[in-house]
Amino acid sequence: MAKRSKNEEKFNYNESVRKLRTQGPERLYLIWGPEDYLAERFFEEIKKQCLTSDADDFSYRRIDERDFTALSLREAVDSVPFLSERSLVEIRGADINKLKEADEVAAILSDIPEYCTVVFMAPVGFEPDKRLKLYKAIAKLGSDVCVNAQSGDMLIKWIIKRFAAAGKGIELNAVQRLINVSGGLMNGLIPEINKIASYVKSDRVTEADVNAVAHHIPEAVVFDMTEALANGENNAAMRLLGELLADKNNEPTMILAIVGNQMRRMYAARVAIDYDLGKDYLMKTLALKYDFIASRLLAASRRFSTQQIKYAVELCAETDYAMKSTRTDPTELLKDCVMRIASGETGA
């Protein structure tokens, strides 16, 4: 088996910081990914290693997207550090996929002085086009750091520590529920943790507290809705669908996409059950970070037949096509789709 390159390794924040502190900063980084909280913290660690003083304006250059050119990069890279052993160049928000001077930028990056570190802090939602010459140059010369949501154990420990800092303990099932309803990204979890800690009067946070206070992302509501369908609680399922539709930020097409994705995940769980493949197979197949989510999927899927779930996936695809090709009210199409799933249709 071929050895994975450093750019393909899963980002481990603690290990990356340890390596940075023991081996020192590299000359080039591209930092991107959905977990912007950790991305910012990792950048601050790089900054600490490069600059010996917060007041060292001579050794630190920040170039924002609107000011970024090959010339501005060249001038920043060529600046010699004054009060620090290293200089740091931060490029904030530039999309390397769309640079007009990509060849010139690649040439500059290939000749970064030993004393300089260049960090590209990518914009929100950015994902590199790995076919481009500039990306290939960055990956060859430096580190491509994709900061994704962290593994289950790390995130659980981090949540417990955040509550402890607020003077609260939290039960494990409450931590799991918080991840379920608010997602696994730290920037989204921080305000929820603060809100819950302020709400709870006792010194212990329960699952009921999380349900009462935390913001429920649409994916979490759909998960709860499909579990209600699996339990035959159709009224509860339709109530949850109504809550989703009541939020003007949730378009029917977006909700349907989430429902369709959830039904595909449940189909994978049903296949795992049918062939006795186990939870590990399901987690690997769906790239799940938390085994308690895999357990929920397996439990819900057991209450449907394989044909029912397969047809539910087909119904979602048909409804999506109808939304895009007819003038029928998309809200009504969505409701009809969910009700047909609730009725247990098999398409036979």
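Eight aromatic pairs turn up in this structure, which is a predicted model. Start with one of them.

**Stop 1: a ring pair.** Select Tyr-29 and Phe-42. These two rings form an edge-to-face pair, with 6.2 Å from centre to centre and 85 degrees between the planes. The label follows because planes over 60 degrees apart count as edge-to-face. The partners come from distant parts of the chain: Tyr-29 belongs to strand β1, Phe-42 to helix α2 (residues 36–50), and 13 residues separate them. Are these two residues buried or exposed? Both Tyr-29 and Phe-42 are buried.

**Stop 2: the cluster around the pair.** Ring pairs join Phe-11, Tyr-13, Tyr-29 and Phe-42 into a cluster.

**Stop 3: strand β1.** Now colour the two sides. Leu-28, Leu-30 and Trp-32 lie on one side. Tyr-29 and Ile-31 lie on the other. Both faces are covered.

**Stop 4: the neighbours of β1.** Show residues 116–121, strand β4. β1 and β4 pair in the parallel sense, over four bridges. Within this pairing, Tyr-29 stands opposite Val-119. Next, show residues 143–146, strand β5. Which way does β5 pair with β1? The sense is parallel, again over four bridges. Here Tyr-29 stands opposite Ser-143 of β5.

**Stop 5: charges over rings.** Select Lys-47 and Tyr-60. The charged end of Lys-47 sits over the Tyr-60 ring, 4.2 Å from the ring centre. Then move to Arg-296 and Phe-223. The charged end of Arg-296 sits over the ring of Phe-223, 3.9 Å from its centre.

**Stop 6: Arg-18.** Finish on helix α1 (residues 13–23), where Arg-18 lies. Is Arg-18 buried, exposed or in between? Its relative accessible area is 42%, so Arg-18 is partly exposed. Last, select Ala-237 as well and draw a line between the two C-alpha atoms. Arg-18 and Ala-237 are 219 residues apart along the chain, and their C-alpha atoms are separated by 47 Å.

Note on methods. Residues are numbered from 1 along each chain as its sequence is written. This is a predicted model: local features need pLDDT of at least 70, side-chain atom pairs count only at pLDDT 80 or more; totals for chains, interfaces and linings use all residues. Side-chain values use heavy atoms; hydrogens and water are left out. Helices (H or I, at least four residues) and strands (E, at least two) are DSSP runs, numbered from the N terminus. Buried means under 20% relative accessible area, exposed over 50%, partly exposed in between (1.4 Å probe, protein chains only). Two strands pair if DSSP finds at least two bridges between them. Rings of Phe, Tyr and Trp (its six-membered ring) pair if their centres lie within 6.5 Å; planes under 30 degrees apart count as stacked, over 60 as edge-to-face and the rest as tilted. A charge sits over a ring if NZ of Lys or CZ of Arg is within 6 Å of the ring centre and within 35 degrees of the ring normal.
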